[in-house]
Amino acid sequence: MAVPYAPMSQHLPCRPDWRCRQCGDPWPCPASRVELTEEFDGVALLATYLAAQMLEYTKDLARATALPPADTYGRFLGWLGGRA
(Lines give C-alpha, C1' and ligand atoms only; values in the text may rest on other atoms or scores of the structure.)
Protein backbone atom coordinates (compact mmCIF):
# COMPACT_ATOMS: atom_id res chain seq x y z
CA MET A 1 0.00 0.00 0.00
CA ALA A 2 1.37 3.41 -0.97
CA VAL A 3 1.90 6.04 1.69
CA PRO A 4 -0.49 8.93 0.97
CA TYR A 5 2.07 11.54 1.91
CA ALA A 6 5.76 11.27 2.54
CA PRO A 7 7.92 14.35 3.15
CA MET A 8 10.50 15.01 0.46
CA SER A 9 13.33 15.58 2.92
CA GLN A 10 14.43 15.72 6.50
CA HIS A 11 14.22 19.54 6.51
CA LEU A 12 11.21 19.59 8.80
CA PRO A 13 10.46 21.82 11.79
CA CYS A 14 11.33 20.63 15.27
CA ARG A 15 8.82 22.00 17.73
CA PRO A 16 8.55 23.99 19.89
CA ASP A 17 11.61 26.02 18.77
CA TRP A 18 10.85 25.67 15.04
CA ARG A 19 14.39 24.96 13.96
CA CYS A 20 15.09 22.60 11.09
CA ARG A 21 15.71 19.03 12.24
CA GLN A 22 18.38 18.56 9.58
CA CYS A 23 20.41 21.76 9.48
CA GLY A 24 19.35 23.65 12.62
CA ASP A 25 18.41 26.85 10.80
CA PRO A 26 15.11 28.60 11.54
CA TRP A 27 12.37 26.73 9.69
CA PRO A 28 11.53 27.06 6.87
CA CYS A 29 15.23 26.87 6.13
CA PRO A 30 16.61 27.58 2.65
CA ALA A 31 16.61 23.87 1.72
CA SER A 32 13.01 23.38 2.85
CA ARG A 33 11.92 26.46 0.88
CA VAL A 34 13.28 24.95 -2.32
CA GLU A 35 11.70 21.59 -1.59
CA LEU A 36 8.35 23.06 -0.55
CA THR A 37 8.22 25.06 -3.77
CA GLU A 38 8.80 21.87 -5.74
CA GLU A 39 6.38 19.79 -3.65
CA PHE A 40 3.33 22.04 -3.71
CA ASP A 41 1.31 22.43 -6.88
CA GLY A 42 0.84 26.16 -6.98
CA VAL A 43 1.74 29.07 -4.80
CA ALA A 44 -1.76 29.37 -3.31
CA LEU A 45 -1.52 25.90 -1.77
CA LEU A 46 2.00 26.56 -0.52
CA ALA A 47 0.95 29.90 1.01
CA THR A 48 -1.99 28.21 2.74
CA TYR A 49 0.28 25.52 4.17
CA LEU A 50 2.86 28.06 5.35
CA ALA A 51 0.18 30.26 6.93
CA ALA A 52 -1.06 27.24 8.90
CA GLN A 53 2.52 26.52 10.00
CA MET A 54 2.97 30.16 11.01
CA LEU A 55 -0.15 29.90 13.18
CA GLU A 56 1.25 26.80 14.90
CA TYR A 57 4.54 28.63 15.42
CA THR A 58 2.80 31.56 17.11
CA LYS A 59 0.81 29.15 19.31
CA ASP A 60 4.03 27.46 20.43
CA LEU A 61 5.56 30.83 21.26
CA ALA A 62 2.44 31.89 23.19
CA ARG A 63 2.70 28.73 25.32
CA ALA A 64 6.28 29.70 26.10
CA THR A 65 5.05 33.23 27.01
CA ALA A 66 7.17 34.79 24.29
CA LEU A 67 5.86 37.18 21.69
CA PRO A 68 6.39 36.25 18.04
CA PRO A 69 9.38 38.05 16.55
CA ALA A 70 8.68 40.93 14.20
CA ASP A 71 9.95 38.91 11.23
CA THR A 72 7.43 36.06 11.61
CA TYR A 73 5.58 36.98 8.42
CA GLY A 74 8.82 37.32 6.49
CA ARG A 75 10.08 33.99 7.78
CA PHE A 76 7.00 32.00 6.82
CA LEU A 77 5.38 33.87 3.92
CA GLY A 78 7.51 36.84 2.89
CA TRP A 79 9.98 34.71 0.93
CA LEU A 80 7.22 33.81 -1.51
CA GLY A 81 7.52 37.38 -2.78
CA GLY A 82 5.35 38.23 -5.75
CA ARG A 83 4.45 34.58 -6.27
CA ALA A 84 1.65 34.64 -3.65
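What follows is a conversation about some local features of a predicted model.

Guide: In this predicted model, local features need pLDDT of at least 70, side-chain atom pairs count only at pLDDT 80 or more, and totals for chains, interfaces and linings use all residues. Residues are numbered from 1 along each chain as its sequence is written, and side-chain values use heavy atoms, with hydrogens and water left out.

Visitor: Why is W18 called buried?

Guide: Buried means under 20% relative accessible area, exposed over 50%, and partly exposed in between, with a 1.4 Å probe and protein chains only. W18 has 0% relative accessibility, so W18 counts as buried.

Visitor: Where is W18 found, and what is its phi near?

Guide: W18 is in the loop between β1 and β2. Strands (E, at least two residues) and helices (H or I, at least four) are DSSP runs, numbered from the N terminus. Phi of W18 is near 60°, a positive value in a residue other than glycine. Most residues other than glycine have a negative phi.

Visitor: What makes a set of residues a nonpolar core?

Guide: Its members are buried Ala, Val, Leu, Ile, Met, Phe, Trp, Tyr and Cys residues joined through side-chain atoms within 4.5 Å. The largest such core here has 15 residues, and W27, L46, L50, F76, L77 and L80 touch the most other members. Helix α2 (residues 43–63) gives the largest share of this core, 6 residues.

Visitor: Which residues does L46 touch?

Guide: Leaving aside residues up to four places away in sequence, L46 touches L36, T37, F40, W79 and L80. Contact means heavy atoms within 4.5 Å.

Visitor: What kind of peptide bond joins W27 and P28?

Guide: That bond is cis, with omega about 5°. P28 lies in the loop between β2 and α1 (30–39).
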